[in-house]
2 protein chains.
Amino acid sequence: MDLTATTAELATAAADVARLLPTRVYDPVLAGLVLRADGAGIELAGSDREHAVRLTRAATVHADGAVVVPARPLADTLRSLEDPQVRLVVEGSRLAVRTSTARFALPLLDLSTHPGIPPLPPALGTIPARALTAALTPVSSAASKDDALPMFTGVRMHSAPGGRLELIATDRYRMAFASLPWVPAGELDVLAPAVVLAEASRQPDRAAEVTVHADADRIALSWAGGSVSTALLAAPFPDDRVRKLLEAVIDSTVLVEADVLAGAVRRAVPYAGPHGSVTIQVDDGELRVRGSDPQSGESEESIKATIDGNRVTKTFQARYLADALRAFSGRRVELKIQDGLRSTVLTSQAGDDGVELTYLVVPLRQTP
Amino acid sequence: MDLTATTAELATAAADVARLLPTRVYDPVLAGLVLRADGAGIELAGSDREHAVRLTRAATVHADGAVVVPARPLADTLRSLEDPQVRLVVEGSRLAVRTSTARFALPLLDLSTHPGIPPLPPALGTIPARALTAALTPVSSAASKDDALPMFTGVRMHSAPGGRLELIATDRYRMAFASLPWVPAGELDVLAPAVVLAEASRQPDRAAEVTVHADADRIALSWAGGSVSTALLAAPFPDDRVRKLLEAVIDSTVLVEADVLAGAVRRAVPYAGPHGSVTIQVDDGELRVRGSDPQSGESEESIKATIDGNRVTKTFQARYLADALRAFSGRRVELKIQDGLRSTVLTSQAGDDGVELTYLVVPLRQTP
């Protein structure tokens, strides 16, 4: 293998592959970066059997070939180079990364023991990358990062009638639901790991068209220039219970600028007390955001809002409310407040990307 | 107490006081921020007996007074406010931080139990803040952050003949020495905690004139608008041994752009091996920077240099060499390489601030 490529492009791609691969593996080859050069350019890929990623970049290929090298030092070296062009060439048992003044020689790992990059499952539909990210970022934020139950770390994805794709995630304390338009080519019905999916959806250019692939075992996102795939979560998802939560019985409806409410919640955090809770009181034409802490003191801030319904008071985990409001940043959000400990439903008008988002946050038991 | 002030100014001052105060103290009042308002403006101060800080800011004072409140929530609240002006007013047992739409009420701590801000020791001389920071930042980087021996966490400061101030710090493995012009008003001869001193020297405006104060127990820096003081380290400093290290017997002298060598060292770090070491080989008209690691592979980079003397090869801890080179950023640095395991001496022309800097790095035993 012998090729010349733009350093910055190669550096970004190597960093993306390295980031998507695990760093702690029993076999170093699974943390290796597979480089494959041919007439079409260079492919940077990696797989630890569970996840797989494959990115292609332009390169002037002097000699075809394929090698696997440690991902992290290659990514670090490419990132720190100041030369605009870099040459990658196999020299004996090393892949040499060469500039006019430097040579970095990475040991070749055993390509024959690498599991290879699994082929993509069948294509089931396409979505603009921008819309997919707009839906996946907030939905995946409602999934747990480290729950013992895989169900709460996943995003439920399934195709709905009328050319819609639906995404749901919950960690018991909040739930996010997005519906967005897609061009289906088959039925999608999976539970996929939220973190990997959100990260993968940020890979392609925002203008790109993303294809969703899935079979019984894996899900993949692909676009011109790359793909990421991962094993599905083998867990049942309580679809019926989750959908029932979306049927809200409204006690009071509040219309407010999401960023204004988020600012008030952020300022109440130093006063959120040992449980990190803030209280929202619905009043005439305004919301009052309150905090109280034995050490820090008390806070109260009023923000303008359009109110329809009863005067009610709800207490929330401040960070859950902040996560929910971040999903509606830049927009007016509607808070539908239900009675008692039933969750508060946040929604807003669909954006011009057609993404409809609903976020549920379960209130805390009120301390008298 | 009742006053109105510019939010941003107050927020910066409160954050600076909160940062310079310890967060874990047995008595909450020692982590408190003392606010004192009078005709001259507002003073924000704090002291845990060991450290003390006092900053003054402009304010429209409606009623004089003094209170102590928890520092962290006050700093966090001021930082997150969007209103350009803020009012601080005592209301019963609370200090209210008020804007047009919000009220944050901090509990008043017991001012009578606060140790107070110790008076400044006698003034011993003045220096421009820019020169003091230029000398203290690199010198304090050579002190240890957490050594069991206080000597290695301190900066030795003493006045030298000819209107010079000398600063020395070492953690055994490297040593930094700075000499800079000052206007003495007495004899200075102390060992002061490096971290506090470096932090304090960054507080005043770079154009400000800083006065150094000291007595047998404390050192303080003061400037128009503030002061920071701290207890001295009660440890002997091996002045004679340290000064002997500065008398180098040169084997080879290398003149090189500090940032170019720093870049090559940074690129060698992924190959620096389990001990984090890089090797510098002095050759004809160039330096070769090398790394070698069983997992990552090998690196070699050549950089142009003016060489005078023997061809030698030295191995260094990469991060110590990087710290040393950072001190000479933007300048040409002279490396005076000595024989065997004697330290390598880095120097450069004094800048227009008159700061002369010498940095010693002890090489590692070479692996064959």
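**View 1. Aromatic pairs and the stacked rings of Y173(A) and Y320(A).** Four aromatic pairs are counted over all chains of this predicted model, a pair being rings of Phe, Tyr or Trp (its six-membered ring) with centres within 6.5 Å. The ring centres of Y173(A) and Y320(A) are 6.1 Å apart and the planes stand at 15°, so this pair is stacked (planes under 30 degrees apart; over 60 is edge-to-face and the rest tilted). Y173(A) belongs to the loop between β12 (164-170) and β13 (174-181) of chain A, and Y320(A) to helix α7 (residues 318-326), so the pair ties together parts 147 residues apart in sequence. Helices (H or I, at least four residues) and strands (E, at least two) are DSSP runs numbered from the N terminus. Y173(A) is partly exposed at 43% relative accessibility, whereas Y320(A) is buried at 10% (buried, under 20% relative accessible area; exposed, over 50%; partly exposed in between; 1.4 Å probe, protein chains only).

**View 2. Surroundings of R331(A).** R331(A) lies in the loop between α7 and β25 (332-338) of chain A and is partly exposed, with a relative accessible area of 28%. Its side chain makes a polar contact of 3.3 Å with the side chain of S348(A) (N or O atoms within 3.5 Å; within protein, one able to donate a hydrogen and the other to accept it, and residues adjacent in sequence counting only if both atoms are side-chain atoms).

**Notes.** Residues are numbered from 1 along each chain as its sequence is written, and chains are lettered from A and ligands numbered from 1 in the order in which they are written. In this predicted model, local features need pLDDT of at least 70, side-chain atom pairs count only at pLDDT 80 or more, and totals for chains, interfaces and linings use all residues; side-chain values use heavy atoms, with hydrogens and water left out.
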